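I'll jot down each thing I look up as I go.

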Amino acid sequence: MAATVLPARAAKGGRPRRSRRLGEHLAGWGFVSPAVLLIGLFGMLPVLWSFWLSFQETDLTSPGEFAGGAKYAELVRDPLMWEAARRSAVYTVLFVPLTMVLALPIAVMLNQRIRGVTLYRMAVFVPLVTSTVATGIIFNWLLNPQFGPVNAALAKAGLPQQGFFQSPGQALFALVAMTVWGWLGFAVIIYLAALQAVPADLMEAAALDGCGRLRAFRHVELPLLAPASGFLLVWLTINSLQLFDEVYVTTKGGPLRATTVVVYHLYNKAFVDFDGGYAAAVGCVLFLVILAVTLVQLALTRRASSYEVR
Amino acid sequence: MSITMTGRAAKGPATRGPAADGTAPRRRSRRPSPLHLVLLPLSLVMVAPLLWMVLLSVSTKEETRRFPPGLPHGIEWRNYTGALADAPLAHWLGNSAIVSVSCVAGNLVFCSLAGYAFARIRFLGSRALFVAVLATLMVPFQIVMLPTLIMVRAAGLTDTLGALIVPNLATAFGVFLLRQFFTTVPRELEEAARIDGASRLRILVQVMLPLMRPTLATLAVLTFLQTWNDFLWPLIAVQNPDHMTVQLGLQTFQGAHNTDWPKLMAGTVISQLPVFAMFFVAQRFFVRSVATAGLK
Amino acid sequence: MRQPSGRRFTALVTGVALAAGLASGCGSGSGAAKKITFWHGYTDAQATAIGRLAGEWNAAHPKQQVQPVFSNNDNTLQKTLASFVSGKAPSIAYQYGSSLSALTGRRQTQDLTSLVNGSPDVNWNDFFPAARQGATASGKIYGVPALVDNLGLVYNKKLFDAAGVGYPKPTWTWDDFRSAAKKLTGDKRYGWAYVSDGTEDTVWRFLALLWQAGGDLLGAGDKEAAFDSPAGQQAMQLLADMAVTDKSVYLDAGDQQYLNLFNSGRVAMMWTGPWDLGQINKGVSYGVQYLPGKVTHASVSGPDIYMIFDRKAKDAAWPFLKWLTSAEVHLRFAEQTGDLPLRASEQKLPAYKSYLAKYPGNKVFIDNLNQNVTKARPNIPEYPRISQVLGTAVQAVLLGKKKPGPALAEAAAEVDRILAGS
């Protein structure tokens with residue numbers, strides 16, 4: 001562990017290739033094992049447990065009876081499930097790109113040397129700290145059809161009044177707006193951290209080469225941001241497909257089920273109907289979908305980030 | 001130290017200038033930046049809810065029971081003294097601090113190790129293992145929370161602060177985040193150190209981690225935020241009132257039908273101060289990192 | 001820093017074994033029975049009052065120490081279920097009445113029927129009928145009444161005066177109610193407010209309407225839907241007439257702003273319970289009246305209960321619950337908190353006078369308990385699902401998305417399917 005530089009250097013080259021490879025395997029496993037054991041015990045086992053639960057008829061707290069694939073069959077036939085899946089897909093397709101596209105320029109701006117940048121950074125951080133409950137109350141007020149300031153502003157501008165959370169046709173989009181606001185700070189912080197990894201000399205060199213600021217950004221910074229973008233893409237997708245809290249504090253899945261997304265449906269099944277097996281089956285299907293999407297996304301970002309510093 | 005030196009040598013031409021502290025290169029000027037025109041309104045939109053919370057926290061109960069809401073007529077500091085006096089707020093904050101600081105420390109250590117290995121070491125089963133780690137994020141918490149409770153029980157942690165700490169000592173989020181960012185560190189730096197015969201651990205600690213300061217700061221903040229504001233898990237994992245975290249404690253201001261909004265908001269504002277302090281400290285790392293990374 | 005991985009592995013193996021063990025039905029109830037843990041969601045004055053009563057009990061019963069613990073309100077059911085999984089169920093826990101059907105089938109839930117029947121001093125029939133029904137499911141008693149409330153008509157006198165409308169009378173009909181609401185409606189001002197989030201909050205107000213029109217939710221034996229009836233039609237029609245035609249109803253999205261709107265003079269009437277009276281601002285002069293009527297002036301109650309979840313603590317917890325809900329002790333609690341009496345006999349105690357003097361608005365609600373709250377929500381496991389279906393139907397009518405007829409027919413068909421077990 002505390003290998004001093006000299007002896008190690010002496011051994012260099014003389015070490016057989018195979019033992020080095022074995023050493024790599026051991027090092028790799030050694031490095032990941034604490035985290036993997038913790039995550040395995042408190043993350044993977046519960047996931048396996050849910051998988052097993054999805055083949056059971058259970059009320060969540062008492063021993064269940066084996067139900068085979070009955071819960072999956074029920075799920076496929078459940079029209080509410082398909083509606084919920086469609087809503088989750090629409091939500092995700094809107095929420096993820098919007099958040100990322102808005103976050104990047106803000107992060108670049110917050111990476112400039114300008115007066116008060118610390119305050120701006122703190123400001124962007126605020127929504128992250130605001131509890132979901134408070135966020136829900138505030139947006140319910142802002143978007144209140146009768147007494148909210150947004151409709152008041154629309155009226156002043158001579159535009160028609162909207163129903164927002166109270167309109168079955170608009171509630172999901174109002175939810176997108178609210179959650180983009182809530183997650184923007186998160187994405188900005190990730191990008192901000194990633195921008196620090198851009199070596200200053202690279203940008204400097206690009207500038208000396210006569211690159212415009214924008215071109216330098218595109219050709220130097222943007223590729224270096226690919227891993228961060230990959231992280232955000234995966235992370236935001238995982239979270240948006242599991243949207244729940246924000247629905248719970250605003251629309252409760254309504255009006256007329258317009259915001260009953262997959263996990264809200266699952267919650268209803270688990271804690272209103274107490275059909276633990278069905279809820280677990282929904283969870284497992286969702287798991288497979290997210291897994292597939294994530295693997296595709298990871299493969300795409302791996303290709304995009306094959307950038308090397310020359 | 002010699003490693004950092006080697007790293008520097010491999011790094012090509014040294015550049016110096018106003019931008020060497022990591023912010024993008026830009027000539028200092030006295031003229032206010034046009035970016036203020038974007039950032040100022042944006043900031044207002046972002047902080048509006050905080051202002052609203054602060055306003056509620058200095059309102060009277062009667063003032064919070066109006067709709068549409070209006071400005072308070074005076075400043076009601078009693079909400080703050082009340083929140084501090086009527087409830088063991090300090091005790092709850094202490095519990096939250098123990099939990100969050102432990103989790104931040106655990107994540108920084110365990111996720112650095114794992115993230116580095118997943119990013120840079122080719123070892124048997126690394127891909128599969130990484131996907132398995134990510135997979136734990138893909139089942140909604142509503143489903144895994146009761147099974148997780150069973151694990152906590154099996155580990156003998158039921159109704160202890162440990163039940164809030166141990167399951168969060170290493171998170172898939174942290175492993176994933178750090179793994180992604182380790183891939184951005186130029187390989188040359190590492191290779192040079194390896195040729196010098198440095199061990200993996202030494203490379204991680206002396207070459208990689210100094211380069212990762214902004215990311216580590218980000219992980220620290222987000223882990224702190226997550227554990228500090230977590231509600232559902234503490235709710236079901238802890239029963240003893242002595243182990244209440246501040247988020248659980250604040251619930252004692254929320255009755256079945258009536259909520260003491262001013263007091264709740266005063267408590268909330270107090271409870272979020274450590275999070276802001278944490279972020280304030282962490283964001284300073286966003287400027288310093290590269291300067292200390294030996295890239296000059 | 002790193003622990004020996006051997007220990008982790010052992011933990012992992014025991015974890016799996018225990019998880020399997022739990023599935024096969026082991027898992028103990030709770031620890032020592034000497035200390036009676038008592039979960040509640042009381043805050044403020046209620047928390048103080050319950051703490052004082054527990055102290056009083058503990059002083060007199062050193063061997064049956066009660067420890068009141070704030071658990072939660074809206075998340076109590078989840079926390080309770082989690083406690084079953086972690087093996088540390090509370091001895092006593094305050095539960096929403098709507099949670100009963102989710103708890104009755106579980107091993108930890110204690111059947112109190114024989115205790116109630118075996119102790120004449122409980123005087124079970126002295127509890128208001130709504131309270132008793134709230135604690136009973138399929139003929140068995142699972143809880144002791146903790147709270148019994150109901151809906152009344154609360155109105156803003158100033159707005160009535162300004163609109164030249166006479167204050168509500170106990171004999172008000174739906175028509176009186178509707179026309180008053182219409183007259184009270186103006187620019188950014190509504191005659192009535194209705195919680196339209198599609199949850200039980202939407203449903204129980206509709207149940208009151210349904211019962212007022214002489215209808216009922218389910219048929220005999222709770223085997224089929226009965227609300228797609230002339231009474232159901234009339235109830236839905238009233239909502240459609242007021243919300244869609246007259247636009248005299250503020251539809252509350254579930255953020256409970258109706259009360260704040262009432263305080264701000266934007267809503268003239270609300271159907272609410274005694275809990276809201278304490279939150280009406282001082283400057284607002286209000287009155288309380290029975291709900292308007294059609295065939296009856298039925299109101300609806302949402303009773304809450306104390307339940308016992310620990311078999312070992314059952315014998316120790318029972319005397320405490322009996323004492324806590326006895327007429328004299330509960331009236332003392334009510335006097336500090338503004339709760340309604342649980343028992344009819346509380347009205348005969350000497351302290352009742354000072355109670356009424358302190359909470360004059362409660363009189364109508366207590367009279368409601370005496371005469372207008374005769375029916376209860378069915379405590380069947382299917383109820384939460386039925387409530388969701390009905391809530392969506394009512395919401396559809398309020399938003400003008402469906403006509404009363406089709407909304408009721410579709411909901412009834414769905415409820416029939418649920419009751420048929422599919």
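Which residue in β10(C) is the bridge partner of Val154(C)? I looked it up: the partner is Met270(C). Before going on, I note for myself that this is a predicted model.

**Entry 1: strand β7 of chain C**

Strand β7(C) covers residues 152–156, and I found 5 of its 5 residues buried. I then checked the two faces of β7(C) separately. On one side I have Gly152(C), Val154(C) and Asn156(C), on the other Leu153(C) and Tyr155(C), and all of these are buried.

Next I looked at the neighbours. β7(C) pairs with β10(C) in the antiparallel sense, over 4 bridges. With β11(C), residues 286–289, β7(C) also runs antiparallel, and 4 bridges join the two. For Tyr155(C), I looked up the bridge partner in β11(C) and got Gly287(C).

**Entry 2: helix α9 of chain C**

I moved on to a helix. α9(C) runs over residues 200–212, which is 13 residues. From first C-alpha to last I get 18 Å, close to the 18 Å expected at 1.5 Å a residue.

Is α9(C) mostly covered or mostly open? Mostly covered, I wrote down, with 12 of its 13 residues buried. Among the buried ones I listed Trp204(C), Phe206(C), Leu207(C) and Trp211(C). Glu200(C) and Arg205(C) are buried as well.

A reminder to myself: an α-helix has 3.6 residues a turn, so residues three or four places apart point the same way.

What do the buried residues of α9(C) pack against? I found β8 (190–195), α10 (230–246), β10 (267–272) and α16 (383–398), in chain C. After α9(C) comes Gly214(C), and its phi is positive, near 90 degrees.

**Entry 3: chain B**

Chain B came next. I counted 15 helices and 0 strands there. Of its 296 residues, 54% are buried. I also looked at contacts between residues at least 6 apart in sequence: 78% of them join residues at least 24 apart.

I checked the UniProt record, an unreviewed entry, for "transmembrane region". The record lists residues 35–58, 97–118, 130–155, 161–182, 203–225 and 264–287 of chain B. I compared two of these stretches with the model. Residues 97–118 of chain B are 100% helix and 0% strand, with end C-alpha atoms 30 Å apart. Residues 161–182 of chain B are 68% helix and 0% strand, and there the end C-alpha atoms are 32 Å apart.

**Entry 4: where chain A touches the others**

How many residues of chain A are in contact with chain B? I got 90, facing 93 residues of chain B. α2(A) gives the most to this side of chain A, with 21 residues. By class, I noted 65 nonpolar, 16 polar and 9 charged residues on the side of chain A that touches chain B.

Then I turned to chain C. That contact takes 27 residues from chain A and 35 from chain C. On the chain A side, α2 (17–53) and α6 (132–142) are the elements that give two or more residues. Here too α2(A) gives the most, with 6 residues. The classes on this side of chain A are 16 nonpolar, 7 polar and 4 charged.

Notes: Residues are numbered from 1 along each chain as its sequence is written. Chains are lettered from A and ligands numbered from 1 in the order in which they are written. This is a predicted model: local features need pLDDT of at least 70, side-chain atom pairs count only at pLDDT 80 or more; totals for chains, interfaces and linings use all residues. A residue is buried if 20 or more other C-beta atoms lie within 10 Å of its own, exposed if 12 or fewer, and partly exposed in between; C-beta atoms are placed from the backbone. Two residues are in contact if their C-beta atoms, placed from the backbone, lie within 7 Å. The expected span of a helix is 1.5 Å times one less than its number of residues. UniProt positions are given in the numbering used here, feature names are shortened, and annotations may be inferred rather than shown by experiment. Two strands pair if DSSP finds at least two bridges between them. Ala, Val, Leu, Ile, Met, Phe, Trp, Tyr, Cys and Pro count as nonpolar, Asp, Glu, Lys and Arg as charged, and the others, Gly among them, as polar.
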